[in-house]
Amino acid sequence: LLRSAAASTTKPYAPPSPYPSVPLQPHPHSLPVDGFVGAVGNTPLIRINSLSEETGCEILGKAEFMNPGGSVKDRAALGLVQWAEKTGRIKPGGTIVEGTAGNTGIGLAHVCRARGYKCVIYMPNTQSQEKIDLLRMLGAEVYPVPAVAFENPENYNHQARRHAERLDNAAWVNQFDNFEGNRAAHIHTTGPEIYAQTSSLPGGLQAFICSTGTGGTLAGVTRALKDLSGGKVQCWLADPPGSVLESWINRGKMERGGSSITEGIGQGRVTDNLAQDIALLDGALHVPDAKTIRMVYHLLDRDGLYVGASTALNVVAAKELAEKLGRGSRVVTILCDGAYRYQSRLFSKKWLESKNLLHEIPAELQKYVVL
Ligand code: PMP
């Protein structure tokens, strides 16, 4: 069912585009790197000790919060700016315009400062204040707009496209459907890094799982791991409530319903990034918010990891997938960003109560609810 449902939406695989020249070779951190851009990628793989011990498996997280702009989206931001440069869409002194839940915008704002571009960001007004403030501190022009569906012309992505059309020397980089800028960055960097970091371990890598916003990370890593391992590594999607992808992959139906506390993930359609590789996926897991919020607090308390909700969701999914695959299996997921970007929500008693999640946090961990 997965393959037949997916086949109808996929385009034939095209070899990785030559556009993004995100460095192909891991750079040794013992040598200086070239500015902000040189510091993107080559993140460590962190063993989540508490869960590895609990399951008898190895649960590994790719520490994307260690990118210089603080999230996995630094890779896509760099790939997208390089795509705009290489395709001649932007010249020195130009403007990058994008619609984003925040992290791509933050990555773009950093790359734009480093490269001398202006940066204009449209985002849904449901996102955390921390991200809006940071974007403005990084010099971006920010437009929080009502959160409406993609089909609506007032959706933040369409507003970003129209803004770029009104300017000279400006590029809308279109992270959701621009697989030559976004997915390719992960084909060239994240995927090969994960393969290199696990292929010499005894038993190698059994599976990769992560959630999806644009689909760039999941599609790019899946393509790279399937190619490099000759199809041996299983690749799975993890999905929050309100997203249609888990039902699409598992049951061939797009069921929408509910909403989620997770920012930056969940999707109402098969984006072009995802369409490239969705037929390669081996399955999908749904993760409810109650499990996600408990994992935010668990990782802090037991592993000393201060992570955002999409990361916690990924780790829940990695643990469940490892248990499915059996003792001794090794599963990698993405640690997308830190909790710093959401702390006014995730650690606020009032906010947790408003989402009916305060009671999900075990009594002994309530001491971390400090706001
Ligand atoms: N987690 C967070 C916190 C994000 O901001 C994003 C990107 N929107 C993702 C995960 C998903 O990454 P991708 O866009 O590559 O699917």
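**View 1. The shell around the ligand.** Of the 20 residues around the ligand, those nearest are Gly213, Thr214, Thr217, Gly264 and Ser310 (near: C-beta atom, placed from the backbone, within 6 Å of the molecule). This is a predicted model: local features need pLDDT of at least 70, side-chain atom pairs count only at pLDDT 80 or more, and totals for chains, interfaces and linings use all residues. Residues are numbered from 1 along each chain as its sequence is written. Helix α9 (residues 216-229) gives the most to the shell, with three residues. Helices are DSSP runs (H or I, at least four residues), numbered from the N terminus.

**View 2. Helix α12 against helix α13.** The axes of α12 (residues 289-303) and α13 (residues 309-325) come within 8 Å and cross at roughly 95°. Axes are lines fitted to C-alpha atoms over the stretch in contact, with angles from 0 to 180 degrees between N-to-C directions. The two helices are therefore roughly perpendicular to each other (65 to 115 degrees). Lys291, Thr292, Met295, Val296 and Leu299 in α12 meet Ala309, Ala312, Leu313, Val315 and Val316 in α13 (contact: C-beta atoms, placed from the backbone, within 7 Å).

**View 3. Helix α12, buried residues and end.** Buried residues in α12 include Thr292, Met295, Val296 and Leu299 (buried: 20 or more other C-beta atoms within 10 Å of the residue's own, all placed from the backbone). Their cover includes α13 and α14 (343-346). α12 has 15 residues and reaches 20 Å from its first C-alpha to its last. Glycine 304 follows α12, with a positive phi near 70°.

Key. Angles under 35 degrees count as roughly parallel, over 145 as roughly antiparallel, 65 to 115 as roughly perpendicular and the rest as oblique. Two residues are in contact if their C-beta atoms, placed from the backbone, lie within 7 Å. The expected span of a helix is 1.5 Å times one less than its number of residues. A residue is buried if 20 or more other C-beta atoms lie within 10 Å of its own, exposed if 12 or fewer, and partly exposed in between; C-beta atoms are placed from the backbone.
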